[in-house]
Amino acid sequence: QVQLVESGGGLVQAGGSLRLSCAASGRTFGSYVMGWFRQAPGKEREFVADINWSGGSTDYADSVKGRFTISRDNAKNTVYLQMNSLKPEDTAVYYCARKNVITASYDLWGQGTQVTVSS
């Protein structure tokens with residue numbers, strides 16, 4: 001069974017950096033678009049970034065453009081989210097997800113990792 005496992009969250013001061021990782025099981029990882037989402041307390045889950053199968057195409061939410069970078073290493077079945085210049089409003093549980101190639105919806109999710117940015 002394919003699973004996604006996030007790691008790398010933690011507590012950081014405003015202006016600091018964190019790098020999240022999402023490790024996937026399964027041999028077809030390299031075929032999928034992968035995305036990062038986040039959900040803050042009392043708010044709906046929101047899109048953060050995604051990356052195509054080769055890593056050659058990425059997309060970001062306006063709120064993180066210029067500060068976050070998504071990347072992937074298909075040999076390691078891992079997708080990353082480098083987060084720089086963190087702000088208190090970036091505090092959330094961060095999830096990675098896999099996009100279904102047929103439905104174009106995200107149908108496989110990790111358990112999430114908490115990111116807390118103190119002011």
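What share of the contacts in the protein with a separation of 6 or more comes from residues 24 or more positions apart? Such residues account for 53% of them, a contact being heavy atoms within 4.5 Å.

This is a predicted model, in which local features need pLDDT of at least 70, side-chain atom pairs count only at pLDDT 80 or more, and totals for chains, interfaces and linings use all residues. Residues are numbered from 1 along each chain as its sequence is written, and side-chain values use heavy atoms, leaving out hydrogens and water.

**View 1. The whole protein is built with 11 strands and zero helices.** Helices (H or I, at least four residues) and strands (E, at least two) are DSSP runs, numbered from the N terminus. Its C-alpha atoms fill a box of roughly 40 × 25 × 25 Å along the principal axes. Of the 119 residues, 43% count as buried, meaning under 20% relative accessible area with a 1.4 Å probe, protein chains only.

**View 2. Four strands make an open sheet in the order β1-β3-β8-β7, with antiparallel pairing.** At the edges lie β1 (4–7) and β7 (68–73), each pairing on one side only. Two strands pair if DSSP finds at least two bridges between them. Neighbouring strands here are turned by 15° against each other on average, direction ignored; the axes are lines fitted to C-alpha atoms, and angles run from 0 to 180 degrees between N-to-C directions.

View 3. Look for S71, which stands opposite Y80 in β8.

Note on methods. Buried means under 20% relative accessible area, exposed over 50%, partly exposed in between (1.4 Å probe, protein chains only).
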